[in-house]
Amino acid sequence: MSALTRRSFLSGTASGLLARTSSACAESRSANLTLPFLWGAATAGYQTEGNSTNADIWLLERMAGTVFKERSGRADDFYTRYHQDIVLLASLGLNSFRFSVEWSRIEPEPGVISHEAIAHYRDMLRVCHEHNLIPCVTYSHFACPLWFSARGGWEAPDAADHFLRYCELASRSFGDLIGTAAVFNEPDLHKLILHGSPLSDRKKEIMLAQAAKSCHSPVFGYYLSGDAQCIEAAMISAYLRAYDVIKSGPGLYPLGLTLAMTDDQAVGDPLMRDRKRTEIYDAWLHACREKGDFIGVQVYTRSLTGPNGTVAPPADSRFTTMGWEFYPECVEGACRYAASVSQRPVIVTENGIATDDDTERQDYIRRAVESLNRAIADGIDIRGYYHWSFLDSFEWASGYKPRMGLVAVNRETEERTAKQSAFLLGNMRPDRFVSWKL
Ligand code: BGC
């Protein structure tokens with residue numbers, strides 16, 4: 001890390017650094033980029049913005065017999081409160097903010113562009129730079145426009161064309177302000193879930209059938225359901241094309257994808273564990289190896305597999321509000337596997353705990369960061385860590401009960417209160433810089 005680059009980040013701020021590097025590289029479209037070790041907190045649009053009325057999940061929340069425990073409603077009202085929230089995040093000592101831009105806001109109807117939504121996201125990015133935060137943007141975080149899902153979602157033959165048109169528009173509209181980005185959030189999640197639970201989820205099927213009916217469509221393609229293999233193939237091909245589309249737009253930043261992972265440990269013979277990892281992750285890890293500047297690892301707990309399949313956690317384990325084993329050391333194992341198969345640098349794009357007890361969260365963070373540091377010390381190329389989540393927010397089907405935020409949100413008043421864990425994480429920010437070859 002040269003003194004010059006280091007100074008340019010510290011004095012010139014994140015935007016100064018990015019602008020300088022991009023203009024220096026505008027001609028060649030490839031370069032070395034130096035970024036600080038990313039130390040941030042993450043959110044997603046649907047879970048925080050509120051009133052995402054054009055998204056498919058908004059409809060699913062309202063179906064009779066829905067699997068959603070409660071409705072997202074105005075969520076954290078982040079769509080209007082983003083300015084104060086970004087200032088708060090920066091004040092904690094973090095240097096990066098991961099959030100998603102919402103396709104259903106940008107393109108509420110096929111081919112109809114919301115200039116208001118584009119201006120909104122441009123302003124969010126601007127505010128991040130103003131407060132020395134490197135914005136990490138997720139182009140697609142689970143929620144899709146209702147019109148996209150009603151056409152069959154990722155199972156529709158022209159799904160990728162629609163998605164690529166959106167990627168091109170988003171990248172052209174605000175790519176110059178992006179610091180780092182992921183095309184998809186956890187496109188492997190449905191496979192991970194199918195592996196750990198009974199194949200048929202009757203309640204979910206009924207809900208999706210109702211959604212299809214209410215949209216006068218033969219199928220409703222929310223991407224956590226449907227034919228996992230067919231969806232995976234369609235999304236991998238879309239990812240590879242999206243990588244090129246986004247890279248040919250403005251801005252020069254690391255671009256990759258994020259995966260839902262567990263730290264998969266073998267009990268006895270590792271054969272079944274290895275098979276499981278291969279089935280869930282490898283197609284995506286290979287896609288990232290083919291085209292990807294980093295692999296985003298999202299890991300919350302471990303999973304044990306023996307010769308006969310999944311093994312229950314030890315009897316004395318404690319569990320988080322999500323029902324997951326408290327196992328902060330999961331970071332190390334998941335990063336090792338992702339790095340070894342993808343051969344790409346790793347960013348931990350999500351890691352955290354659902355708990356009402358912030359002391360427990362602090363304990364989790366300390367142990368997770370120790371685990372991260374062990375992997376780094378052992379030579380794994382890890383370039384950042386984002387805690388999930390910045391705010392207590394809408395936990396999808398589980399509603400608002402699981403609290404994963406570094407910052408509490410009063411559901412009545414929307415008032416924010418930073419928890420001790422937020423300051424702990426901010427104070428642990430490493431003073432390290434990493435060189436990217438893009
Ligand atoms: C998702 C987040 C979610 C978190 C905790 C990840 O699967 O990317 O949207 O809130 O896990 O459940």
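Modeller: Let's start with glutamate 350, which sits in strand E9, residues 346-350. Keep in mind that this is a predicted model.

Colleague: Why is glutamate 350 called buried?

Modeller: Its relative accessibility is 4%. Buried means under 20%, so glutamate 350 counts as buried.

Colleague: What does glutamate 350 touch, leaving out residues up to four places away in sequence?

Modeller: Its contacts include Arg98, His141, Asn185, Glu186, Tyr386 and Trp388. The list also has Val297, Gln298, Val299 and Tyr300.

Colleague: What makes the pair glutamate 350 and arginine 98 a polar contact?

Modeller: Their side chains are joined at 3.0 Å, and the cut-off for such a pair of N or O atoms is 3.5 Å.

Colleague: Which residue does UniProt list for "active site"?

Modeller: The UniProt entry, an unreviewed one, lists Glu350 under that heading. The annotation may be inferred rather than shown by experiment.

Colleague: On to the ligand. Which residues around the ligand come nearest?

Modeller: There are 14 residues around the ligand, and Gln47, His141, Glu186, Glu350 and Glu395 come nearest. By class, that shell has seven nonpolar, four polar and three charged residues.

Colleague: Is glutamate 186 buried or exposed, and why?

Modeller: Buried, because its relative accessible area is 7% and the label applies under 20%.

Colleague: What about phi of histidine 216?

Modeller: Positive again, near 55 degrees. Histidine 216 belongs to the loop between helix H10 (202-214) and helix H11 (228-247).

Colleague: Why does histidine 216 count as exposed?

Modeller: Because its relative accessibility is 77%, and exposed means over 50%.

Colleague: What makes glycine 379 exposed?

Modeller: Its relative accessible area is 61%. The threshold is over 50%, so glycine 379 is exposed. Glycine 379 lies in the loop between helix H14 (358-377) and E10. Its C-alpha is 9.6 Å from that of arginine 336, and the two residues are 43 apart in sequence.

Colleague: Which peptide bond is called cis, and what is omega there?

Modeller: The one joining tryptophan 388 and serine 389, where omega is about 10 degrees. Most peptide bonds are trans. Serine 389 is placed in the loop between strand E10 (382-388) and strand E11 (407-409).

Colleague: Why is aspartate 264 called buried?

Modeller: With a relative accessible area of 4% against a limit of under 20%, aspartate 264 is buried. Aspartate 264 is part of strand E6, residues 255-266.

Colleague: How do you know that aspartate 264 and lysine 276 make a polar contact?

Modeller: Their side chains are joined at 3.4 Å, and within 3.5 Å is what the term asks for. Leaving aside neighbours within four places in sequence, aspartate 264 is also in contact with residues including Arg273, Arg277, Tyr281 and Ser303.

Colleague: Last one: why is alanine 41 buried?

Modeller: Alanine 41 has 0% relative accessibility; under 20% is buried, so the label holds. Alanine 41 lies in strand E2, residues 38-42. Among the residues it touches beyond four places in sequence are Leu89, Phe97, Arg98, Tyr386 and Phe390.

Conventions: Residues are numbered from 1 along each chain as its sequence is written. This is a predicted model: local features need pLDDT of at least 70, side-chain atom pairs count only at pLDDT 80 or more; totals for chains, interfaces and linings use all residues. Side-chain values use heavy atoms; hydrogens and water are left out. A residue is near a molecule or strand if one of its heavy atoms lies within 4 Å of it. Ala, Val, Leu, Ile, Met, Phe, Trp, Tyr, Cys and Pro count as nonpolar, Asp, Glu, Lys and Arg as charged, and the others, Gly among them, as polar. Helices (H or I, at least four residues) and strands (E, at least two) are DSSP runs, numbered from the N terminus. Buried means under 20% relative accessible area, exposed over 50%, partly exposed in between (1.4 Å probe, protein chains only). Contact means heavy atoms within 4.5 Å. A polar contact is a pair of N or O atoms within 3.5 Å; within protein, one must be able to donate a hydrogen and the other to accept it, and residues adjacent in sequence count only if both atoms are side-chain atoms.
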